[in-house]
Amino acid sequence: VSAWADKYSNLGPTNVTGAQFYFVEGQTNNPNAFITVRVWAANANGSPGNILYSQQVPISEIEANVTGAGPNSFFITNINFHQAVAVPTNDFFVGYTLTNGVAGDTVACAITENFAGNPSRPNTMWAQFNGTWDSYQNLTNNNSKFSMHIYPRITSMPPQAVIQPSASTVCVGDFITFDGSN
């Protein structure tokens, strides 16, 4: 498996400003190893299509979060996107690829219990296997249905900064103060 993603249905068009990942495992033998967090638009088949956004996250950051405050605890890996991501489709995916890993590097996101016994709960977990995306339910051949603990932050209005300078002109070498509290 080269990529994992969770599907979000009927939430778009929207803007994604970041995501919280509940990683339960993060180990690396390379201080430069990273995952690439991605946002994909859903294609006509309902699977991940065009990549709308990519951002690298060091595995060492995930590794530090996985070793939480005590046994069986972890900290959420909160990823703030560098820019709001416009999602033009009703459905979209948020997930990750292990991009720059070496032998022994491991990243795993928490998943829900199996929803197979609940027909009203859809499978939302997808995997890219041999270059092809498929739902986890189809890959397992036993009707297993799961969701990943990935929680995107979405908004119908992308954030905009409104900055008011303390003066409209300054001389070279002078200071200007910006107030972005409004």
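**Entry 1: the cysteines**

Before looking anything up, I noted that a residue is buried if its relative accessible area is under 20% and exposed if that area is over 50%. I also reminded myself that this is a predicted model.

I began with Cys109, whose relative accessible area is 10%. That value is under 20%, so Cys109 is buried. Then I turned to Cys171 and found a relative accessibility of 54%. Cys171 therefore counts as exposed, since the cut-off is over 50%.

How many disulfides does the count come to? I got 0 disulfides.

**Entry 2: a sheet**

Next I traced an open sheet of 3 strands, and its order is E6-E2-E11 with antiparallel pairing. The edge strands are E6, residues 77–87, and E11, residues 150–155, and each of them pairs on one side only. On average, neighbouring strands here are turned by 20° against each other, direction ignored.

I then followed strand E2, which covers residues 14–21. E2 and E11 pair in the antiparallel sense over 6 bridges. Which residue in E11 does Phe21 stand opposite? I found Ile150 there.

**Entry 3: a patch on the surface**

Last, I looked for nonpolar side chains on the surface. Val1, Phe129 and Leu139 form a nonpolar patch there, and together they have about 270 Å² of accessible area.

Is Leu139 buried or partly exposed? Its relative accessibility is 34%, so Leu139 counts as partly exposed.

Key: Residues are numbered from 1 along each chain as its sequence is written. This is a predicted model: local features need pLDDT of at least 70, side-chain atom pairs count only at pLDDT 80 or more; totals for chains, interfaces and linings use all residues. Side-chain values use heavy atoms; hydrogens and water are left out. Two strands pair if DSSP finds at least two bridges between them. Helices (H or I, at least four residues) and strands (E, at least two) are DSSP runs, numbered from the N terminus. Axes are lines fitted to C-alpha atoms, for helices over the stretch in contact, and angles run from 0 to 180 degrees between N-to-C directions. A disulfide is a pair of cysteine sulfur atoms within 2.5 Å. Buried means under 20% relative accessible area, exposed over 50%, partly exposed in between (1.4 Å probe, protein chains only). Patches are made of residues with over 30% relative accessible area and no salt bridge: like charges are joined within 9 Å, nonpolar side chains (Val, Leu, Ile, Met, Phe, Trp, Tyr) within 5 Å. Accessible areas come from the Shrake-Rupley method with a 1.4 Å probe; for residues, only the protein chains shown count as cover. A salt bridge is a side-chain nitrogen of Lys or Arg within 4 Å of a carboxyl oxygen of Asp or Glu.
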